[in-house]
Every structure is written in C-alpha cells, then in structure tokens.
Amino acid sequence: MTEIRFHGRGGQGAVVASEIFASALFKEGKYVQTFPEFGVERRGAPVQAFLRFDDKNIVLRCKVYNPDHIIILDSVLLRTQDVTQGLKPGGWILLNSDKEPREFSFPNFRVATVDATGIAIKYKLGPKTAPIVNTAILGAFTRVAELVQIENIYKSIPEYVPIRIEDNIKATGEAYEMVRF
C-alpha cells in the first residue's frame, strides 16, 4: 500500500487534489481511499488530506500517519508544523516553492519543488492573492513520483474542477514539465 499526505491551507485545493489523484489511480485499476482532515473550516486554515492506494482492497480506516510521500501546497506551513512527521525514509517531499530543492534541508528524504503559485496565477486559477494551486501541484507530483499516468490526471480534472477546465489541464502539464528535483 502507498500512502500520501497533502498539506495545504483552506482554499488552495488540497482536498480536491487528493480526489483528482485518487480518481486517476482508480482509472488505472487501483483500490483508493481519500479523505480530508480540517481544523477550523475557513479559508487559509491548515488542511490535510490523506490518500492511500493499493492493488488489493484497503481495509485500513484511519488517517495517514506514516506516508510514503508528502505534498505541501504552501511552504509557509514548514514554519508552523512538522509536515514531515512520520514520512518514511526515502519518501518524496514536493513543495510549492519558487526555490530550488537544494535550498531545503530534509535529511533522508528526496525533495522536489515547483512554482505552483506562479503557474496558477498565469492561468488565472483563483485570485492573485489566493491562487488555487491543486492541479499544478498534481502535475509536478505525477512526474516526480511516477505513480500514475499524466493522461489519467487530465481525464480526472473535469470530474472535480467545474470551471476553467482547460486552464487547469494546461497548469497541470506545465508543472509536470517545470518541476525541479
């Protein structure tokens, strides 16, 4: 079983990102499970989403404590919480950041970065002051982790994103190409 934990803020699309990724995995014949954990339900509040998948039925029913990979939609969260808690050695940490991966110190983990915020702003995904970065971050993660085909991410976006579908698909593709690791 592979487990992924998403860290973001309300309004960035962490929950929708986990749902899109789960849908893409399901299209490839995987058993999937995804669900959110909210604190205060408001825009800007920290949010986590959990995803697990396997080739066989999943009976585990709890949040992800020891993820294989972590996706961070807002790198400011690095200052306020231990987002790497429980991450398995060798796991990927994907950060929404315009910095290079080597600028982050995470011993025992692999780090990748993508400027998902800049890409979301370019495609007008949400307001400039609070861009929705979920589809861009998924494009980057798809390339980094090689767990699902990018075509299935593209096919899953319209199921969860009701507006600007083509722009979300373009943002996904651009992030797939622009991720640094």
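Which residues is T172 in contact with, leaving aside its neighbours within four places in sequence?

**Entry 1. Basis.** I worked from a predicted model, in which local features need pLDDT of at least 70, side-chain atom pairs count only at pLDDT 80 or more, and totals for chains, interfaces and linings use all residues. Residues are numbered from 1 along each chain as its sequence is written, and side-chain values use heavy atoms, with hydrogens and water left out.

Entry 2. I looked up T172 and found it in helix α5, residues 165–178; helices are DSSP runs of H or I of at least four residues, strands are runs of E of at least two, and both are numbered from the N terminus. Beyond four places in sequence, T172 is in contact (heavy atoms within 4.5 Å) with T135, A136, G139, I150, I153, Y154 and I157. I recorded T172 as buried because its relative accessibility is 0%; buried means under 20% relative accessible area, exposed over 50% and partly exposed in between, with a 1.4 Å probe and protein chains only.

I then turned to I153, which lies in helix α4, residues 150–160. I153 also counts as buried, at 0% relative accessibility. Residues up to four places away not being counted, I153 touches I20, F21, A24, T142, V148 and T172.

**Entry 3. Nonpolar cores.** I took a nonpolar core as a set of buried Ala, Val, Leu, Ile, Met, Phe, Trp, Tyr and Cys residues joined through side-chain atoms within 4.5 Å. The largest has 42 residues, and F6, F21, L94 and V114 have the most contacts inside it. Helix α1 gives the most to this core, with eight residues. Another core, of ten residues, lies apart from it and includes I72, I93, F106 and V111.

Entry 4. Is E3 buried or exposed? E3 counts as buried, at 9% relative accessibility, and lies in strand β1. The side chains of E3 and R52 are joined by a polar contact of 2.8 Å; such a contact is a pair of N or O atoms within 3.5 Å, where within protein one must be able to donate a hydrogen and the other to accept it, and residues adjacent in sequence count only if both atoms are side-chain atoms.

Q12 sits in the loop between β1 and α1 (14–27). Q12 is buried, with a relative accessible area of 13%, and its side chain reaches the backbone oxygen of L73 at 3.2 Å.

**Entry 5. Pockets.** I used a 1 Å grid over the protein atoms alone: a cavity is a set of points where a 1.4 Å probe fits but cannot get out, a pocket is an open set with protein on both sides within 12 Å along at least five of seven lines, and lining residues have an atom within 4 Å of a point. The largest pocket holds about 200 Å³ of space, a volume being the space filled by probe spheres set on grid points joined across faces, edges and corners. Of its 14 lining residues, I132, N134, V161, I163 and N168 are the closest to its centre.

The second largest pocket holds about 160 Å³. β1 (2–9) and β3 (46–54) each supply at least two residues of its lining.
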